[in-house]
Amino acid sequence: MTMSLAAAEIAGDFASLVEAQSHANLMACLQCGKCTSGCPVAAGTDIKPHAMVRSVQFGQRDDVLRSRMIWECTSCQTCATRCPQKVSVAALNDGLRRMSVRAKSPTKSAVPVFNNIFMNAVRKRGRMNEAGLMASFKLRTMRLFADMGKLPMMLLKGKLPLWQASAPGRGEREAMFKRAASAKGDKS
Amino acid sequence: MEGTAHDYQKSTVAVAKALGLQLPEIPGWTCCGSTSAHQTDPLLALALPAKNLIAAEGKTVAVGCAACYNRLKTANHEIASDPQTRKTVAGVVGKDYDGQTKILHLLEILARDIGTAKIAQAVKKPLKGLKLVTYYGCLLSRPPEVTKFDDPENPTLMDQVLEAAGATVLEWPHKTECCGAGYSITDVGIVKRLTREILAMAKAAGADCIATACPLCQLNLDLRQKDTEKASGEHFDLPVFYFTQLLGLAFGISRKDLGLRSLVVSPNRLLADRGISV
């Protein structure tokens, strides 16, 4: 079967769009539930892996883009490894994360903020400065006191250097990021 | 590996030296993008690893961090299997890359290239009587068609290496159960629930300690062990080592050179009880 034709027939534009974004092979899903059985976060989340695939197939755009699951999936790849049909819910979730951020879907998760800080650091410094990363994150999420009790211990144990060198070639990195941003569509 | 995982770097360097293995760094290396890149930008998620692999100039790349390993291998897999992807990534990086540079995790180098016989020969103080479980985490062996590391459900490379060091490696079912990774910072409840399962199973298996091969797994199981104990009301008191630290102890390398003081759950009593101390 041609993938995009089946998706468009059943679910209209949304499923085709998601598949183009994620390359998850989502229309091959049999709903066997093996992904959900192996998923470490399935029990506590709102849309379980196999249900996520189904929701996308049925064009439930708002449900999936506003879900907790896309920000609770750990990308452990257990689903993709075990699926008998080679569907990757891990890849699906990555596609949905990007679409959710682009659509500015409401979420309570701090992950999008963290990703933003992380990628800025990669662009500017090329390497992590864990202390700086944590400071930025705490300020932007107002989680000022979480884990602060651990700070003295971490400093004593040498786990948190207050300064770490950047990688050379910032100009090159900035150019790379610009080129990635302007490249049309996704990676392929 | 210069920050919270600096003891992994220290112990890796020490073990490599003892085995006569040279590990020069890739010049001008940059962050591979890790989880944040593949969650936000699929093109950068391939371009960042590719840039590092290009700088390796065809030499085999040795990796300690499981996430970096997974991202580098994914870049190879995607670029080598799709000419269009190769072209698009080259456009972003500014240089062409063929996806063929060999990438090996330290465990692959130790178990397969150097071999357990050579490792056993270098052992001066076998870890006799030390009962441990090996915790691989998610990203070394999954997805198997990308990493081709070892069996995705029951890997044994770390088991082989630590058995060669004289340890008693116990069987247990949670070798590759997820620890929650980066959610340690953004959604710590997930990490507490997942690490509780791993720590409880390790204890149930009869382990004295856990051996890890991933900086974030080690952090979650060690730094956050007290947080997990508070949340679940259980008591684990399980030291969590990097496998390179345990190997280093067997080679007779000093605690200082192995960065043991960085471990949060103290291993001192356990090591003294087993007569393993330097």
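This is a predicted model: local features need pLDDT of at least 70, side-chain atom pairs count only at pLDDT 80 or more; totals for chains, interfaces and linings use all residues.

## Reading the two chains

Reply: Nine residues of domain 1 of chain B are in contact with eleven residues of domain 2 of chain B. On the domain 1 side, α4(B) gives the most, with seven residues. By class, that side of domain 1 of chain B has four nonpolar, four polar and one charged residues.

Me: Where do the two domains of chain B run, and how far apart are their C-alpha centres?

Reply: The assignment puts domain 1 of chain B at 31-101 and domain 2 of chain B at 115-273. Their C-alpha centres are 28 Å apart. Chain A is divided as well, into domain 1 (3-102) and domain 2 (111-182). For that pair in chain A, the centres are separated by 30 Å.

Me: How do I judge the overall build of chain B?

Reply: Take the secondary structure, then the overall dimensions. Chain B has 15 helices and six strands. Its radius of gyration is 19 Å, close to the 19 Å that the globule rule gives for 278 residues, so chain B is as compact as a globular protein of that length. Along the principal axes, the C-alpha atoms of chain B fill a box of roughly 55 × 45 × 30 Å. Buried residues account for 57% of the 278 residues in chain B. Of the contacts in chain B with a separation of 6 or more, 75% are between residues 24 or more positions apart.

Me: How should I describe the packing of two helices, and at what angle do α3(B) and α4(B) cross?

Reply: Give the distance between the axes, the angle, and then the residues that meet. Helix α3 (residues 42-55) and helix α4 (residues 66-81) of chain B have axes that come within 9 Å and cross at roughly 95°. Angles from 65 to 115 degrees count as roughly perpendicular, so α3(B) is roughly perpendicular to α4(B).

Me: Which residues of α3(B) and α4(B) meet?

Reply: From α3(B) come L46(B), P49(B), A50(B) and L53(B). Facing them in α4(B) are R71(B), L72(B), A75(B), E78(B) and I79(B). The residues of this contact divide into seven nonpolar, no polar and two charged. An α-helix has 3.6 residues a turn, so residues three or four places apart point the same way.

Me: How do I tell whether a helix is enclosed, and how many residues of α13(B) are buried?

Reply: Count its buried residues, a residue being buried if 20 or more other C-beta atoms lie within 10 Å of its own. In helix α13 (residues 243-250) of chain B, eight of the eight residues are buried, so the helix is largely enclosed by the rest of the structure. Among them are F243(B), L246(B), L247(B) and L249(B). The buried residues of α13(B) pack against α1 (6-18), α8 (157-164), β5 (209-212), β6 (240-242) and α14 (255-258) of chain B. After α13(B) comes G252(B), with a positive phi near 85°.

For a case in chain A, take helix α4 (residues 49-57), where eight of the nine residues are buried. The buried ones include P49(A), H50(A), M52(A) and V56(A). Just after α4(A), G59(A) has a positive phi of about 70°.

Me: Last, how many residues does each chain give to the contact between chains A and B?

Reply: Chain A gives 45 residues and chain B gives 48 residues. On the chain A side, α6 (78-82), α7 (89-102), α8 (111-125), α9 (130-141) and α11 (170-182) each supply at least two residues. The most come from α8(A), with six residues. By class, the chain A side has 20 nonpolar, 13 polar and twelve charged residues.

Note on methods: Residues are numbered from 1 along each chain as its sequence is written. Chains are lettered from A and ligands numbered from 1 in the order in which they are written. Two residues are in contact if their C-beta atoms, placed from the backbone, lie within 7 Å. Helices (H or I, at least four residues) and strands (E, at least two) are DSSP runs, numbered from the N terminus. Ala, Val, Leu, Ile, Met, Phe, Trp, Tyr, Cys and Pro count as nonpolar, Asp, Glu, Lys and Arg as charged, and the others, Gly among them, as polar. The radius of gyration is taken over C-alpha atoms; the globule rule is 2.2 Å times the number of residues to the power 0.38. A residue is buried if 20 or more other C-beta atoms lie within 10 Å of its own, exposed if 12 or fewer, and partly exposed in between; C-beta atoms are placed from the backbone. Domain bounds come from an automatic or database domain assignment. Axes are lines fitted to C-alpha atoms, for helices over the stretch in contact, and angles run from 0 to 180 degrees between N-to-C directions. Angles under 35 degrees count as roughly parallel, over 145 as roughly antiparallel, 65 to 115 as roughly perpendicular and the rest as oblique.
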